[in-house]
Amino acid sequence: MINETAPGLPDDPADSLPPAAQVELAGTAWEELPHFCTGRHGVPDTPDILGAVLAKAPARRVRAVGDLYRLLLNQARVFPATAPAALVVARLVDDPRTLAEDRWERRAGRRPLRAELLNWLASFADIARLDVEDGVGAAQDLAAARAARPVLHNRIAEFCEDDDRLVKEAALAATALLLADPALTSSVPRYAPAVRTILAVSADSYYRWIARERLVAWGEDVTGLLAAEREHRAALDRAHALADDPFGEGQEQAIRWLKEQPEDTAAPERLGRRCEDRTARAQAAPHEPAPEPPVADPGSEPGYLGPWRIAREEERAEWAFTPYVGVGPLRFGMTLREITGALGEEPAVLTHSRHGEDQQLNCADFARSGIRALFEEDCLGCVAVDALAGPQVRLDGAPLTGCLPSHVEDWLVRRTTMPSGSLTYSPAADPVLADLGLAIRSQRAGDVVLSRPLFLLHSWLDLWHSLPSEEWNYS
């Protein structure tokens, strides 16, 4: 079902939050504490995000939690609003409304909102234990994050013994990372046993990593845990190799074994795991010539109205994009109604898919704007820009729309030194850059092909499994 809540309407105002959270919210000068995109068109301010976390509409809750990551922990950094927001989030965790379950952008499977808020606090704590040199934010913002750790620990400690396994594991993960605060060192003996017996054997690989890393920091022996992790990964690798070999013996047995394994619920972007994943992209080495930026196709001659007409530069709208936040007037998490309002036009084509008795929206084509909106559970997760008629979206001033795809790819790959693992390719050889939430596909324009940029959420980076057939068959 599509959420028909119009953008900007506070159907769940901040005064619906628990009294303690309202006091925390009202006592903070948010206008002096920007987040990653404060002041940009269509991007909510921090109080609006926090006020929507306990919204009645599931889609608003999911979007609000996504905004906590995208705007307050963007690229594993803290901002002036991050620490005060964490203190408010910790006031929400014990509210009965956080027992509602849903699917969240950063985790696999369904889980209570309470568990996902604790996961966000764990990500916050993971970043707070690092240093400014790691690229995690300004010194004063990092100091504020560290100062909040004892308060956060006191507010979430009770959930380390929760009856819900997902809540308990998330609380233990957050607590283990908060205990990096020297003021909390005396609490380590209380939690270390649970970290070893519960967190270290979780189905979530990020939790297991937290457990091993923290136990080592606490001076404990993790030899057995490391051996078990190596054996587990080796068994998975062997099973996947057998399952992918149609001529080998044991394929069916391997497939059955893999299906029996618990799903790894670790977030696609595991905040804090490697310092190089958090640092800003380094500039190209000085001895290498700067790559030539791509050049957009000049467009069709005036008067040409054929099916392959390419819009000229002056005809294209100019859009900016912020990785994992949005592009142009569109923000990830929007509903169809909100997108229609932002673009000022109705979709020319809507396509749906059926899942059991439910019908889900796949994509919506907006002909005048030249974009395709792709959805997951009726919320915007990907924007594809038409190469022939779509807006010109630029990165560092260079065009991404309507260029030769090979030129765009070469410029993206060579312009900077990317973090390890950021660049991947789809089975169709489309380059996908995880640090930008960007993929470059090719689109036919008569006898040539031009670049069709896709702007994605983390859960859409695996193009082969994420994009519907309508996008793969687009020409």
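**Entry 1**

I began at cysteine 363, which is buried, with a relative accessible area of 2%. Buried here means under 20% relative accessible area, exposed means over 50%, and partly exposed is in between, with a 1.4 Å probe and protein chains only. Is cysteine 363 in a disulfide, or in no disulfide? I found it in no disulfide: the nearest cysteine sulfur belongs to cysteine 382 and is 9.9 Å away. A disulfide would be a pair of cysteine sulfur atoms within 2.5 Å. By that rule I count zero disulfides. I also looked up cysteine 160, which counts as buried at 7% relative accessibility.

**Entry 1: what kind of model this is**

I noted that this is a predicted model, in which local features need pLDDT of at least 70 and side-chain atom pairs count only at pLDDT 80 or more, while totals for chains, interfaces and linings use all residues. Residues are numbered from 1 along each chain as its sequence is written, and side-chain values use heavy atoms, with hydrogens and water left out.

A contact means heavy atoms within 4.5 Å.

**Entry 2: the whole chain**

I looked up the overall make-up next. The protein chain has 17 helices and 18 strands. These are DSSP runs numbered from the N terminus: helices are H or I with at least four residues, strands are E with at least two. Of the 475 residues of the chain, 53% count as buried. Among the contacts with a separation of 6 or more, 61% come from residues 24 or more positions apart. The chain exposes about 21600 Å², and carbon and sulfur atoms supply 53% of that. The areas come from the Shrake-Rupley method with a 1.4 Å probe; for residues, only the protein chains shown count as cover.

**Entry 4**

Which residue is the bridge partner of cysteine 363 in E10? I found leucine 374. Strand E9 (residues 358–366) and strand E10 (residues 371–376) pair in the antiparallel sense over four bridges. Two strands pair if DSSP finds at least two bridges between them. The hairpin of E9 and E10 has four residues between the strands, and there glycine 370 takes a positive phi near 75°.

**Entry 3: two open sheets**

I looked at an open sheet of three strands in the order E5-E6-E7, with antiparallel pairing. Its edge strands are E5 (321–322) and E7 (330–331), each pairing on one side only. Strand E6 (residues 326–327) pairs with E7 over two bridges, and glycine 326 has arginine 331 as its bridge partner in E7.

Another open sheet has three strands in the order E4-E12-E13, and the pairing is mixed. Here the edge strands are E4 (318–319) and E13 (398–399). Two bridges join strand E12 (residues 392–395) to E13 in the antiparallel sense. Arginine 394 stands opposite proline 399 in E13.

**Entry 4: the cores**

A nonpolar core is a set of buried Ala, Val, Leu, Ile, Met, Phe, Trp, Tyr and Cys residues joined through side-chain atoms within 4.5 Å. The largest has 82 residues, and Leu68, Leu117, Leu118, Trp120, Leu121 and Leu152 touch the most other members. Helix H5 (residues 113–128) gives this core its largest share, eleven residues. Apart from it I found another core, of 45 residues, among them Leu380, Cys382, Val408 and Leu461.

Valine 408 lies in helix H15 (residues 405–414) and is buried, with a relative accessible area of 0%. Residues up to four places away aside, valine 408 touches Pro294, Leu400, Cys403, Ile440 and Ser451. The C-alpha atoms of valine 408 and alanine 398, ten residues apart along the chain, are separated by 9.0 Å.

Is glutamate 169 buried or exposed? I found glutamate 169 buried, at a relative accessible area of 5%. Glutamate 169 is in helix H8 (residues 165–178). With residues up to four places away not counted, glutamate 169 touches Ile198, Leu199, Ser202 and Tyr207.
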